[in-house]
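I opened the file today and worked through it feature by feature. These are my notes, in the order I settled on.

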Amino acid sequence: MKVLRNIIVWNLVIKRGISVSASKNQFFGGALPFGYDIDENKKYVVNETETVFVREIYELYAGVNTEAGICRYMNEQQVKTKKGKAWNKSSLKRILCNRRYLGYYLYQDMETKSGIPQIIDEDLFEQVKQQLDRNKKARSSRKADEVYILTTKLFCGLCESSMFGICGTSHTGEKHYYYKCSGARKGCKKKSIQRDLLDDPIIEDILKFLDDDVIDGVAKALYEMLQEENESGNILRLEKLLEENKKAADNLLTAVMSGKGTDLLLEKLQQVQNEQKDIQEQILIEKSGLLDADLPEIRKYVKRFKHLDYTEEKNRQDLVETFVNKIWLYDDRKAKVRYNITDFRGHNVGSFYGRMVEVTGIEPVTLCL
Ligand SMILES: [Zn+2]
């Protein structure tokens, strides 16, 4: 229940919180893009040092330098990403296609022109875009779409090891996608399974039990839980967490200042400081009353899962992320699935938490493939 609660509430809160902030072109949590800072009014301002590098990255890429080459260059300059990490291809990509550098304030499908300071002009951005498209085309001829929505949820029924996605090419040159037991190296005999033989039934199964009754039940339980939390003082808990976090940051800072500043310590400090920002953000959300989602709103959010287009990879991923807790896969084409919710129709109506599956208990259990 906690898991489901966290996923759903967090999504709800973030959506409402962001739409409030978005109307004012304000920053709302998440990763801050390289090149910008946030001022005390939560508005984007230019970070002078980083901006120079953003422009340089664009010029280098438009000048047909390789991604690896640009990363190497950035790392040689001792410039870190916003997360305090070394540059790699994915952090570089995020820079190269980020429309914020054109001055757009972005939120979901909404773009506000001149919502934030512009760093890259349209011509250069377009040049880079074309270069990205060219490279993508060259790459996609080599690499098919490899998304494994069940990774992190899927475990081997024989040896309990996690299962991961692999791709193989048959003698006809056709690509095949599988989940494979990571215990194979240690001798597990579990056979690999074709990805689509598992993904599709799981999706169908979730949608089957997600009928109106269940949706009502989930929404109601979540609503009651939120009410309870509001009364029990979540803010106090968060403030305590913040205090502990500040202590940890102070200790790390002292260690760094005393010359014990290894890269590891610095990285840890950065991480603690990022957490601090998250907690402060959460406190802000709590205090703004955004958590007072009413029952119809929660129901609408849960219900939306019934009508999403599940040919879209993103929606498949969201559905699994929200409702599937863990899957054990056996060799006789059977899987045991633990969902984040149980059946609301009459069973287990005792304790509040008992109505949904938390860490123990297995529901609705068997899925025949
Ligand atoms: Zn295994």
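I call a crossing left-handed if the near helix is turned anticlockwise from the far one by less than a right angle, and right-handed if clockwise. I also noted that this is a predicted model.

**Helix pair.** I applied the term to helices H6 and H11. H6 passes H11 in a left-handed crossing. H6 covers residues 195–209 and H11 covers residues 313–323. Their axes come within 11 Å and cross at roughly 65°. I then asked which residues make the contact. From H6 I listed Ile202, Ile203 and Ile206. From H11 I listed Arg316, Leu319, Val320 and Phe323. I sorted the contact of H6 with H11 by class: 6 nonpolar residues, no polar ones and 1 charged. Arg counts as charged, and Arg316 is on the H11 side of the contact.

**Overall counts.** I stepped back to the whole protein. I found 11 helices and 11 strands. The protein has 369 residues, and buried ones make up 20% of them. I looked at contacts with a separation of 6 or more; residues 24 or more positions apart account for 56% of these.

**Nonpolar cores.** Next I looked up the largest nonpolar core. It has 21 residues. Which of them have the most contacts inside it? I wrote down Leu150, Leu154, Met163, Tyr179, Ile327 and Leu329. I checked where the core residues come from. H6 and H11 each supply at least two, and so do strands E5 (154–156), E7, E9 (324–329) and E10 (334–339). I followed leucine 329 further. Leaving out residues up to four places away in sequence, leucine 329 touches Leu154, Cys156, Gly157, Met163, Ile193 and Ala335. There is also a second, separate core of 15 residues. Its members include Val54, Tyr58, Ile70 and Ile119.

**A three-stranded sheet.** I turned to an open sheet of 3 strands. Its order is E6-E7-E8, and the pairing is antiparallel. Which strands stand at the edges? They are E6 (163–169) and E8 (193–194). Each has a single partner strand, so one side of each is left without a neighbour in the sheet. I traced tyrosine 179 across: its bridge partner in E8 is isoleucine 193. Both names were already in my notes. Tyr179 is listed among the core residues with the most contacts, and Ile193 is touched by leucine 329.

**Positive phi.** Valine 64 is not a glycine, yet its phi is positive, about 60°. Valine 64 sits in the loop between helix H2 (48–62) and helix H3 (67–76). Buried or exposed? Valine 64 is exposed, with 10 other C-beta atoms within 10 Å. I placed serine 114 in the loop between strand E4 (110–112) and helix H5 (122–140). Serine 114 has 11 C-beta neighbours inside 10 Å, so it counts as exposed.

**A buried loop residue.** My last stop was alanine 293. Alanine 293 lies in the loop between helix H9 (263–287) and helix H10 (295–303). The cut-off for buried is 20 or more other C-beta atoms within 10 Å. Alanine 293 has 21 C-beta neighbours inside 10 Å, so it counts as buried. I also looked up its distance to tyrosine 223, 70 residues away along the chain. The C-alpha atoms of alanine 293 and tyrosine 223 are separated by 7.8 Å.

Terms used
Residues numbered from 1 in each chain as written. Predicted model: local features only at pLDDT ≥ 70, side-chain atom pairs only at ≥ 80, totals over all residues. Pairing = 2+ DSSP bridges. Helix = DSSP H or I, 4+ residues; strand = E, 2+ residues; numbered from the N terminus. Axes fitted to C-alpha atoms, helices over the stretch in contact; angles between N-to-C directions. Contact = placed C-beta atoms within 7 Å. Buried ≥ 20, exposed ≤ 12 C-beta atoms within 10 Å, placed from the backbone. Core = buried A, V, L, I, M, F, W, Y, C linked by C-beta atoms within 7 Å.
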